[in-house]
Amino acid sequence: GTTVDDIIRSVNWSPDGNYLAVGGDIQGTDPNDLVVYAFDPSLPYANRLTLVASINPGTTGSNDEIYSVNWSPDGKYLAVGGVIQGTDPNDLVVYAFDPSMPFANRLTLVASINPGTIINDLIRSVNWSPDGNYIAVGGFIQGTDPNDLVVYAFDPSMPFANRLTLV
C-alpha cells in the first residue's frame, strides 16, 4: 500500500524463504489486500523486498480484510482467510503461485469456499497440514453448525467446486 492507513494482519514466509506473503487491509493506489514480495537479503535494506504479485480476493475494491495467509508446504499455493466481499463472498480462498508467469498472472484462484452458511464469517487463521492435503480454518464461523474450527481436504486435481471438501 501507499498510505499510513494500511493494516497488515498476516505475514508468512514461503517454505524456501524466497517470498513473503502479506495480507491485511491495504489502501492506496493499488488496494490489493494480498501481496507477495521476493526477498533478497544480499541487497541493500531499501531493496530487499520486491513486489512480485498482488491481488484483491474480492470484487469490491479495498473492502476485503485479510486476517491470515499461509503457504502450502511445497510453496505452490497460498491459503487466504478473512472477510472477503464481492459477488462470491467466500472467506477462504486458495491461490496457485507461479513466479515464472507475468506479474498479473502469478496468483491464480484455484479454490474458494464459505465455511459457514452466512456471509458474515470471519476467518482469523488458516494453516496447511504438513503434507499439504488439508487446510485448518479457525475464526468466527456462523451457520447451522457453529464450529469455529473446520478442516478441509484440498485436491487441486478435482473440478473447481470440489477442490475443498469438509472433513
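Visitor: What makes two strands a pair?

Guide: Two strands pair if DSSP finds at least two bridges between them. Keep that cut-off in mind for this predicted model.

Visitor: Why are strand 7 and strand 8 called a pair?

Guide: Strand 7 and strand 8 share six bridges. The rule asks for at least two, so they count as paired. The sense is antiparallel. One spot to look at is Val93, which stands opposite Ser112 in strand 8.

Visitor: Which strands form the open sheet?

Guide: Four strands form it, in the order 5-6-7-8. The pairing is antiparallel.

Visitor: What makes strand 5 and strand 8 edge strands?

Guide: Strand 5 (65–71) and strand 8 (107–113) each have a single partner strand. One side of each is therefore left without a neighbour in the sheet. Neighbouring strands of this sheet are turned by 25° against each other on average, direction ignored.

Visitor: How many helices and strands does the protein have?

Guide: Zero helices and 12 strands. Read from the N terminus, the elements run β-β-β-β-β-β-β-β-β-β-β-β.

Visitor: Why are Tyr19 and Phe97 called an aromatic pair?

Guide: Ring centres must lie within 6.5 Å. For Tyr19 and Phe97 the value is 5.0 Å centre to centre, so they pair.

Visitor: And why is the pair of Tyr19 and Phe97 called edge-to-face?

Guide: Planes over 60 degrees apart count as edge-to-face.

Visitor: What does the pair of Tyr19 and Phe97 tie together?

Guide: Tyr19 lies in strand 2 (residues 19–25) and Phe97 in strand 7, so the pair ties together parts that are 78 residues apart in sequence. Both Tyr19 and Phe97 are buried. With Trp71, they form one aromatic cluster. A search of the whole structure finds seven aromatic pairs.

Visitor: How much of the protein is buried?

Guide: Buried residues make up 43% of the 167 residues. To count as buried, a residue needs under 20% relative accessible area. The accessible surface of the protein comes to about 8400 Å², and 55% of that belongs to carbon and sulfur atoms.

Visitor: How do you know how confident the predictor is?

Guide: pLDDT runs from 0 to 100. The mean for the protein is 86, and 83% of its residues reach 70 or more. In the listing by element, confidence is lowest in strand 4 (residues 49–55), at a mean of 90. Confidence is highest in strand 7 (residues 92–97), at 94.

Technical notes. Residues are numbered from 1 along each chain as its sequence is written. This is a predicted model: local features need pLDDT of at least 70, side-chain atom pairs count only at pLDDT 80 or more; totals for chains, interfaces and linings use all residues. Side-chain values use heavy atoms; hydrogens and water are left out. Buried means under 20% relative accessible area, exposed over 50%, partly exposed in between (1.4 Å probe, protein chains only). Accessible areas come from the Shrake-Rupley method with a 1.4 Å probe; for residues, only the protein chains shown count as cover. Axes are lines fitted to C-alpha atoms, for helices over the stretch in contact, and angles run from 0 to 180 degrees between N-to-C directions. Rings of Phe, Tyr and Trp (its six-membered ring) pair if their centres lie within 6.5 Å; planes under 30 degrees apart count as stacked, over 60 as edge-to-face and the rest as tilted.
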